[in-house]
Amino acid sequence: MPPLTCSRLTTCSIAAVIVQMVGVSLFMLGFFPVKPTLSGVSGPESFRPPDHEIYNLTTPPHPPPHLKSVYQELSEIPPSFDRLILMVIDGLPAEFVLGKDGQPPSKALMDAMSYTQSLLKNGMAIGYHAKAAPPTVTMPRLKAMVSGAIGGFLDVAFNFNTQALLDDNLLGQFFSIGWKMVMLGDETWLKLFPGLFTRHDGVSSFYVKDTVQVDQNVSRHLGYELNRDDWDLLILHYLGLDHVGHIGGRNSVLMTPKLMEMDEVVKMIHLNTIVPQDNIKRQTLLVVVSDHGMTDNGNHGGSSYEETDSLVLFIGPTKYASDYASATHNTAYQVDIAPTLALLFGVPIPKNNVGVLIAEIFTSLTDDQQLRALELNSWQLLRLLEAQLPGLSCRSFNSDGFSDDQGLGISKCSGSMDEMFCCLYRNAKLLHSSWKLKTVSSSPVAAYHDFLKAASEWLSHRATDKPVNLLAYGVAAMILSCVILFTLIFCLCKEVDLREKQLFSDKNRTQGWHLHETFTLGVTLFLVISMGSSSMVEEEQYIWHFMTSTLYLLLFRNMIQSFPAGTLRSSVSAIKGQNKKNYFQMCSLFMLLVSGRILRGWHQGGVNWTNLPDISKWLEQAGSDYIKLIHLGAGLLLISLSLFGISLLKSKRNFILVVQLAFSIPGLLVLQHIMKYQDSTSTASSYGATLLAQTIYVILGIMTTGTVIASPWFMPVWISETCSSCNFYFSTSVSIDGQNKSLLIGLRDSVYLIGWAYLYFWCLLQMLLQQPINSMPILLLLMQILASMLYSSNGRTHKQWVEVAAIYYLGMAGHFSLGNSNTLATIDVAGAYIGLSSHSTLLSGILMFIITYASPMLALLSMVMYISLKDPSYFVIPQNADYGYLLKMMIGCPCLVPLCLNSVLLTAYTVVLLLMRNHLFVWSVFSPKYLYVCATTVCVYVGVFVVAVTGFYTCLVFAMRRKRQDPFSNEMGKSLIGE
């Protein structure tokens, strides 16, 4: 095998990353396709049986007034209402209005929505717990309500860039019969249905810091619109309650006032449009819905009960229920709204609807009309079944089942899926025909519901066909990428081992495999095995905490065993002697383990045990003043620790003082932001807070970029060993010539300063963006990583790949210590708008990524400082070598090890997801986890890129400077530039 040069290592690594990116893209295109839909829109043919010949004919277009009369004539159901007000309260959990588990809401919630509760008690309103399908974000849920179709899982990504809805939907049907529509609120409606609204006033749904103006912008038009008679559909989409949840959770102090505000809107609409309509011709229906619920911390996107528990509330002039229990203890699906409204207003059910009409809303109709509604819903679902199952044909279906006692040929259905659906449909059709002929007294309602329920469930959960070629190519590309990366790391480690044999005596080298090395690989293996369990995916944080703690306990054990006999009994004298380093490293490990235990108890992450007590809940109960005090303390400790770390540099003191001053300015500004704005949900979105946050972003960016660029130019090339930072760790067992040693010291000091700049920049940014409760975990994560690097800095304590893997594991464990999980609901949306005066998909997406991957990115950025603290014996340039060799030894392992570990986990979970494609929890558990794995891959790419570019730039500058001062190093400088 040819030698692994720096250029060959770089080329192969980039090639492996590109192959991996192609593989992930191919797999995602194959596994997450856009769900297939029937083209076109429902028309007059929808009022005929599927086997009717008109179904295969094209009907000429009708003008809106005529089409409306055609629909009324064909449907045989008179429209129950003339106008519709659809009020969407974004993020409102149904249990806030209807209670939970048969129990009414708490007294505080009932008092907050007193008028709505009075309507439910009087039977003038009927409510439903309408289960929403994941992902529980706004755009796909609105699509489900107006089309009755369940979109693809990747709609969670399209939610941030909404496109026009081209599928058949209620608004398109209303528009075709000449309805005039008005929309006030979330601008998502305008993006989904461009050009359909006569009047509109949209607001951005993503700027979650605004809880007041976003709703006032809707209500200021309400009185004017209610007094007008030129609209048929009025959509009101209130966003404030969802924003309150994002900022403060379900129990926010702003939640009760917001519920009272929504109750006043319901009262205003009811008194102005529904109560007085007995004396007017037009009948109005008010439907209050929510697109999704929210978790206790106010987030959503996952599949938990709290997130999928959305509300549907029908309020009309007639009485729907006899008592409070029958008005509130009802369940439905969110997709059931579409067929219900279509049949109430006399338009065809959207073509791709999978919902079932809500029967209680049709009690004012005659029995014939109610059965006709069920029949139309059955025909629509049967057409969809025939499109999804090409072999399904119920026209000549003969069941071999046995008949009932009346001899009608009603069968007990069994057999294949095709036979089951045809049998259920045939039973309903026979009973309906017999009921019309008065030959039976039993109603066919139950038979219709059996067919509708079976068809709806199958259509809702049916897995779309996945192109096998794309999936196979994607998995193959990822496996190839793994092979390339592991080949590179194997060759690099082999070269390092060979270099150690040349430099060090056998007694100072570790021989063979040790327990901690085997365990380091075992962590990845155990994670791969656990991915096949949905419960382990939901509670992955336990694996990372346990594995990381165990690994460092093994290292702690090795450290104790490394002490010579008798030194533990005379620790004081030993500290003053040759074992000073060992005891210092032992203290570092002890601090790391204690910090890890605190982080483990800070948040009860995952899904199933979030209700258990933890440190964050205890602090929240203690009050915001204590949280603010901890936030300020963590910020001060971070600034002090960073300034102290930089002060260890002894060379170029004036330059170091300038850097320290530059570091202090954004730190003080962050502390000012904490004191003035961080504890107040009402002022966090003020102009002053936004301007201050923007100022911090600019100064932090300039300070970090300036330090990275200037450090290699200002640090001296030729310096004495006494001027080095952390000289305590510079000793080596091999002799290094003076020029190489001074070069290594200067290069290492420059990298050390840049490493501190990265860590300080990232941690200070997290102090600004993270929830205040996470300020102390950020500081503890930094201390853990520093302790791990100090432990690894003592020469050849362990193999370098073990040390890098251990830091990477710390970053992944810290990811869950900050409250993250594998559900989309734990993504912190509120922090993504700090410093933004308006919504920007790109900027808010970047901030959201920064908040979510705070810990893994911190671990990756720390690799720069890790390089500077390593024993310089690793980086000694052999005779006739070049700076490319130095660069390879510096950044080889810190870049390749994270790429390899992430590549294994990505490839393994891709295979797991492929095997679990028909699993019950494929969309609620495994698919969200895969999105996190892909996002983690992006995080690793970015972190490794920063480390590699930093190492290359620093070596390049020192090579250029040395070439100017030492003409004998000309060839070495050229070699690096050529690399």
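This passage describes the overall make-up of a predicted model of a single chain and then turns to selected local features.

Across the chain as a whole, the secondary structure amounts to 37 helices and 8 strands. Of the 979 residues in the chain, 58% are buried, and the accessible surface comes to about 39200 Å², with carbon and sulfur atoms accounting for 62% of that area. When contacts in the chain between residues at least 6 apart in sequence are considered, 78% of them join residues at least 24 apart.

Among the strands, S3, which spans residues 181–186, is mostly covered, with 6 of its 6 residues buried. Strand S3 pairs with strand S5 (residues 233–238) in the parallel sense, and 5 bridges are found between these two strands; within this pairing, Leu 184 stands opposite Leu 236 in S5. Strand S3 is also joined to strand S4, comprising residues 199–203, by 5 bridges, and S3 and S4 likewise run parallel.

Val 944 is located in helix H36, which covers residues 922–965, and its relative accessible area of 10% lies under the 20% limit, so Val 944 is classed as buried. Once neighbours within four places in sequence are left aside, the residues in contact with Val 944 are Cys 895, Pro 898 and Leu 899. The C-alpha atom of Val 944 is separated by 9.4 Å from that of Met 857, a residue 87 positions away along the chain. Val 22, by contrast, is part of helix H1 (residues 6–31) and has a relative accessible area of 43%, a value between the limits of 20% and 50%, and it is therefore described as partly exposed. Together with Ile 14 and Ile 18, Val 22 forms a nonpolar patch on the surface, and the accessible area of these three residues together is about 260 Å².

Several loops carry backbone features of note. In the loop between strand S2 (125–131) and helix H6 (138–147), where Pro 135 is found, a cis peptide bond joins Pro 134 and Pro 135, with omega at about 0°. Positive phi values in residues other than glycine are found at Glu 76, where phi is about 65°, and at Asp 101, where phi is near 55°. Glu 76 is placed in the loop that lies between helix H2 (64–75) and strand S1 (83–89), and, because its relative accessible area of 53% is over the 50% limit, Glu 76 counts as exposed. Asp 101 belongs to the loop between helix H3 (95–98) and helix H4 (107–112); its relative accessibility is 70%, which is also over 50%, and Asp 101 is therefore assigned to the exposed class.

Methods. Residues are numbered from 1 along each chain as its sequence is written. This is a predicted model: local features need pLDDT of at least 70, side-chain atom pairs count only at pLDDT 80 or more; totals for chains, interfaces and linings use all residues. Side-chain values use heavy atoms; hydrogens and water are left out. Patches are made of residues with over 30% relative accessible area and no salt bridge: like charges are joined within 9 Å, nonpolar side chains (Val, Leu, Ile, Met, Phe, Trp, Tyr) within 5 Å. Accessible areas come from the Shrake-Rupley method with a 1.4 Å probe; for residues, only the protein chains shown count as cover. A salt bridge is a side-chain nitrogen of Lys or Arg within 4 Å of a carboxyl oxygen of Asp or Glu. Helices (H or I, at least four residues) and strands (E, at least two) are DSSP runs, numbered from the N terminus. Buried means under 20% relative accessible area, exposed over 50%, partly exposed in between (1.4 Å probe, protein chains only). Contact means heavy atoms within 4.5 Å. Two strands pair if DSSP finds at least two bridges between them.
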